[in-house]
Structures are given as structure tokens and as C-alpha cells.
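Subject: Handover of a protein model

Dear colleague,

Please find the structure below, followed by an account of what was found in it. I would be grateful if you could read the two side by side.

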Amino acid sequence: MLIEYKNVKVSHDDGEEVLNGIDFKASAGEFIYIIGKVGSGKSSFLRTLYGELEIDEADKAQVFDYDMMKIRHKEIQQLRRELGIIFQDFKLLTDRSVSKNLEFVLKATGWKKSEDIGKRIKEVLHTVKMDGVEDKMPHELSGGEQQRIAIARSLLNSPKVILADEPTGNLDPDTAEQIIGLFRDCSATGTAVIITTHNMSLLEKFPGIVYECVDGKMIVHNA
């Protein structure tokens, strides 16, 4: 088990309760959707998994070997190195090339040898079918291409879990399907993938475990 939550309570930053009594689990290779209306707590829940939002109460809140009720600040940085985190707005550094975006992450997480860095960048770009774009700037890429780079960035340190918050929200339907297909490929290699989405058509084409945030609860439909 990579993630296990039991009877977890989560509030917004302002203290307003958003979810209570959450039971959630994720194992290697699982493909998991979190659905629900805007404001239902999907993103807040995701933020607890990487230590950006504190959990109010829990019988258990385990991510890897970390107790999220007791995790220390310095441990959060280590936790995030074991996660791949992807956002709807890509969050690429606009002042540097694709290669420099990826190199920045690798150097920040302890990679030192230029040869190793260059090799890893080529590997992840190949994985997301973006070979040869190392020297392009983010603004030269389409939205779908930028999201592929964001996925490549998330894969740099071979994460155990990918967390993707509305990763297809800004993309056209065909591109959205391609992106979810990439996530499906990641799960097939043993990485757990957790995606928040409003796009119900994706659930039909790429089935997975579905949790729904509704009325302050998180309901699992087909675990």
C-alpha cells in the first residue's frame, strides 16, 4: 500500500471543513480518478497528499512511510521527491527552454553529472513522445505539448505516485485523451496515478477506480 487514509478530516486554508470521514487507498499501478463538483474538495484532498495542506484529524494518514499527521517540514521535501505532481496550468518556467526546465528539477533534487542529466532528460521526453524539443521555449509549444513536458518533468525521479490536478482542463478533447493515455502508460509500469477531473467521458474510455467528493464525503464507486 502506497497511500492509506482512514477517517480523515480536511479543511480549507480558512478553516472551513471540506471533507470528513475520508477512507482512501492507493497501491502500485492503480489508476484512480477523483471526481466531484468545483469546491467539493478534490484539490484540497490532493494537497494533503504532498503536505501542502495539513490534515485536521485522522485515524490513519499514511503516504509511503510518512505519517501525514506528524510529518516534519524537512520530510515534506523528501516526500515530494517521491511524487510526480502535475497541475492544470503546467507551471513551466517561461524564461528557459524545455531542457533547462527539466535540468532545474534534476539539479534541485541532487543530480550532479551533466551526462546523467542529459540522458535522463532525453529518456523522459521520449516517454511522453516529445523527442527533439529540448531547445524550444514553453511559449513555442501548444497546450497539449506543454502538458506533456509537465508530465515528463513529473517522471524525472521515477515517482511511486503521480498526482494530476485537472490535467486536461485546458485541453481539447483529442489532446485530453492523449494525455490520459500517457498516464495510463505510466500506471502500466507500476506507478500509481491519481487524477482529479470533471471530464466524465475520460472515465468511460480509460476506466479506473473512481472516488467521488460529494456532500463533504468521499465515496468509492468501484474499488
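How far apart are the mean positions of the positive and negative charges of the protein chain? The mean positions of the 29 positive and 36 negative charges are 5 Å apart. In this count Lys and Arg are positive and Asp and Glu negative, while His and the chain ends are not counted. The place of a charge is NZ of Lys, CZ of Arg, CG of Asp or CD of Glu.

Please note that this is a predicted model, in which local features need pLDDT of at least 70 and side-chain atom pairs count only at pLDDT 80 or more, whereas totals for chains, interfaces and linings use all residues. Residues are numbered from 1 along each chain as its sequence is written, and side-chain values use heavy atoms, with hydrogens and water left out.

Overall form

The protein chain contains seven helices and 10 strands; these are DSSP runs, with helices (H or I) of at least four residues and strands (E) of at least two, numbered from the N terminus. Its C-alpha atoms fill a box of roughly 45 × 40 × 30 Å along the principal axes. The radius of gyration of the protein chain is 17 Å, which agrees with the value near 17 Å that a compact globule of 223 residues would have. That radius is taken over C-alpha atoms, and the globule rule is 2.2 Å times the number of residues to the power 0.38.

Of the 223 residues, 50% count as buried. Buried means under 20% relative accessible area, exposed means over 50%, and partly exposed lies in between (1.4 Å probe, protein chains only). The protein chain exposes about 11100 Å², of which carbon and sulfur atoms supply 47%; the areas come from the Shrake-Rupley method with a 1.4 Å probe, and for residues only the protein chains shown count as cover. Among contacts with a separation of 6 or more, 68% are accounted for by residues 24 or more positions apart, a contact being heavy atoms within 4.5 Å.

Salt bridges

A search of the whole structure finds 14 salt bridges, each defined as a side-chain nitrogen of Lys or Arg within 4 Å of a carboxyl oxygen of Asp or Glu. Glu4, Lys6 and Lys60 are linked in a network of such bridges. In the pair of Glu4 and Lys6, the closest N and O atoms are 3.6 Å apart; in the pair of Glu4 and Lys60, they are 3.0 Å apart. The second pair links distant parts of the chain, with Glu4 in strand E1 (residues 3-11) and Lys60 in strand E4 (residues 60-63), 56 residues apart. Glu4 counts as buried because its relative accessibility is 18%. Lys6, at 40%, is partly exposed, and Lys60, at 31%, is partly exposed.

A further salt bridge joins the side chains of Glu177 and Lys205, at 2.4 Å from N to O. This pair also links distant parts of the chain: Glu177 lies in helix H6 (residues 173-188) and Lys205 in helix H7 (residues 200-205), 28 residues apart. Glu177 is partly exposed at 26% relative accessible area, whereas Lys205 is exposed at 52%.

Backbone angles

Asn7 has a phi of about 55 degrees; its place is in strand E1, and its 38% relative accessibility makes Asn7 partly exposed. Phe90 has a phi of about 70 degrees and sits in the loop between strand E6 (83-87) and helix H3 (98-108). Phe90 is buried, with a relative accessible area of 11%.

Helix H3

The buried residues in H3 are Val98, Ser99, Asn101, Leu102, Glu103 and Leu106. They pack against helix H4 (114-127) and helix H5 (143-155). Just after H3, Gly110 takes a positive phi of about 100 degrees.

Val98, in helix H3, is buried because its relative accessible area is 2%. Leaving aside neighbours within four places in sequence, Val98 is in contact with Leu125, Val133, Glu134, Lys136, Leu141 and Ile149. The C-alpha atoms of Val98 and Met137 are separated by 6.0 Å, although these residues are 39 residues apart along the chain.

With kind regards
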